[in-house]
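Please keep the sequence and the model in view while reading.

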Amino acid sequence: MAGNREFNYRRLHSLLGVIPVGIFLIQHLVVNHFATRGAEAFNNAAHFMESLPFRIVLETFVIFLPLLFHALYGLYIAFTAKNNASKFGYFRNWMFLLQRISGVITLIFITWHVWETRVAAAFGAEVNYQMMENILSNPLMLGFYIVGVISTIFHFANGLWSFLVSWGFTVSPRSQVIATYVTLGIFVALSIVGLRAIFAFV
Ligand code: HEM
C-alpha cells in the first residue's frame, strides 16, 4: 500500500513538473522576452498577464500549489535518492545528479525571485520594466539571475527527458537517444530566450 502511494506521488510529481509548471515556465520566458522590444512592449505584456480574470485563482491553482508540491516532494526525492548506476550509462548518471542539484538551485532562485516581485506586488510595488532594470543593475543580482534562469531551464529540459521515460513515451534506447537531442535543443532554445530577456534589462 505504502509503495503504491509513493508510486502515485512520484507520478503526480512528474506530471506537475511539465503540466502546468513547465508550461508556465515557457509562457513566463516568452512574456519576459518582450523586454527585447523595449520597456513599453514588456510593460504591456506583463500588464496583460496581470489583468487576466480570476488572476489569484489561476496563480494559486495553476502555479503556486503545483509548484509547491513539486518542490517539496522534489526536495524529498533529492535527499533520499538512490543512484541507479547500472540502469543507464555514465552520461545519464550525471544528468540524474544534475537534475537534483538544479532542482535545489531552482528552488532558491524561485523563492527569491517570487519574494522580490510577486510578494512585493502584493504589498503595493509595481512590477514593471523599471523594477527589473533596478534589480539587474546590481552585478551580483545579474549573476544570480543568469545562474537561476539557466538552472531552471536545464532542470525543465532534462526533466522532460526523464518524464518521457517515466510515462513510457520513450522506451527503446534509440528513442531515448533522440529524446536527449530534442531536450538538449529545448535547453539551448529556451536559454537563448531567457538570457536575451535578462540582458534586455541591463
Ligand atoms: C520552474 C520550476 C520547475 C520545473 C519546470 C520543473 C520540472 C521538472 C520536470 C519536468 C521533471 C521531470 C519529471 C520526471 O522525472 O518524470 C522534474 C523532476 C524533478 N524535479 Fe523539478 N521542476 C521545477 C522545480 C523544482 C524544484 C523547485 C525542485 C526542488 C528541489 C525540483 C525537484 C525535482 C526533482 C528532485 C526531480 C527528479 C524526479 C525524479 O527523478 O524522479 N523541481 N522537474
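## Ground rules

Buried means under 20% relative accessible area, exposed means over 50%, and partly exposed lies in between (1.4 Å probe, protein chains only). Asn134 is therefore partly exposed, with a relative accessible area of 48%. Asn134 is found in helix 6 (residues 129-136). Helices are DSSP runs (H or I, at least four residues), numbered from the N terminus. Asn134 and Val202 are 68 residues apart in sequence, yet 8.9 Å apart in space, C-alpha to C-alpha.

The model is predicted: local features need pLDDT of at least 70, side-chain atom pairs count only at pLDDT 80 or more, and totals for chains, interfaces and linings use all residues. Residues are numbered from 1 along each chain as its sequence is written, and side-chain values use heavy atoms, with hydrogens and water left out.

## The iron site

Which residues coordinate the iron atom of the ligand? His70 (NE2) and His155 (NE2) do, at 2.0 Å. Donors here are N, O and S atoms within 2.8 Å of the metal (3.2 Å for Na, K and Ca); water is not among the atoms, so sites may look incomplete. His70 lies in helix 4 (residues 55-80) and His155 in helix 7 (residues 139-166), so the pair ties together parts that are 85 residues apart in sequence.

The six donor atoms around the iron atom subtend angles of 86 to 180 degrees, which makes the arrangement octahedral. Six donors count as octahedral if opposite donors are over 155 degrees apart and all others between 65 and 115. His70 is buried, at 14% relative accessibility. His155 is buried too, at 18%.

## The ligand shell

The ligand is surrounded by 27 residues. A residue is near the molecule if one of its heavy atoms lies within 4 Å of it. The closest are Arg10, Ser14, His70, His155 and Ser162. The shell divides into twelve nonpolar, 13 polar and two charged residues. Nonpolar covers Ala, Val, Leu, Ile, Met, Phe, Trp, Tyr, Cys and Pro; charged covers Asp, Glu, Lys and Arg; the others, Gly among them, are polar.

Polar contacts are pairs of N or O atoms within 3.5 Å; within protein, one must be able to donate a hydrogen and the other to accept it, and residues adjacent in sequence count only if both atoms are side-chain atoms. A polar side-chain atom of Ser162 lies 2.8 Å from an oxygen atom of the ligand. For Arg100, a side-chain N or O atom is 3.2 Å from a ligand oxygen atom. Helix 1 (2-18), helix 2 (21-33), helix 4, helix 5 (90-122) and helix 7 each give two or more residues to the shell. Helix 7 gives the most, with eight residues.

## Aromatic pairs

The whole structure holds 13 aromatic pairs. Rings of Phe, Tyr and Trp (its six-membered ring) pair if their centres lie within 6.5 Å; planes under 30 degrees apart count as stacked, over 60 as edge-to-face and the rest as tilted. Phe69 and Tyr73 are stacked, because their ring centres are 5.8 Å apart and their planes at 5 degrees. Both lie in helix 4, four residues apart, about one turn of the helix. Phe69 is partly exposed at 24%, whereas Tyr73 is buried at 10%.

Phe144 and Tyr145 are edge-to-face: their ring centres are 6.4 Å apart and their planes at 85 degrees. Phe144 is partly exposed at 27%. Tyr145 is buried at 3%. One aromatic cluster is formed by Tyr9, Phe69, Tyr73 and Tyr76.

Technical notes:
Tetrahedral: all angles 85-135°; square planar, octahedral: opposite > 155°, others 65-115°.
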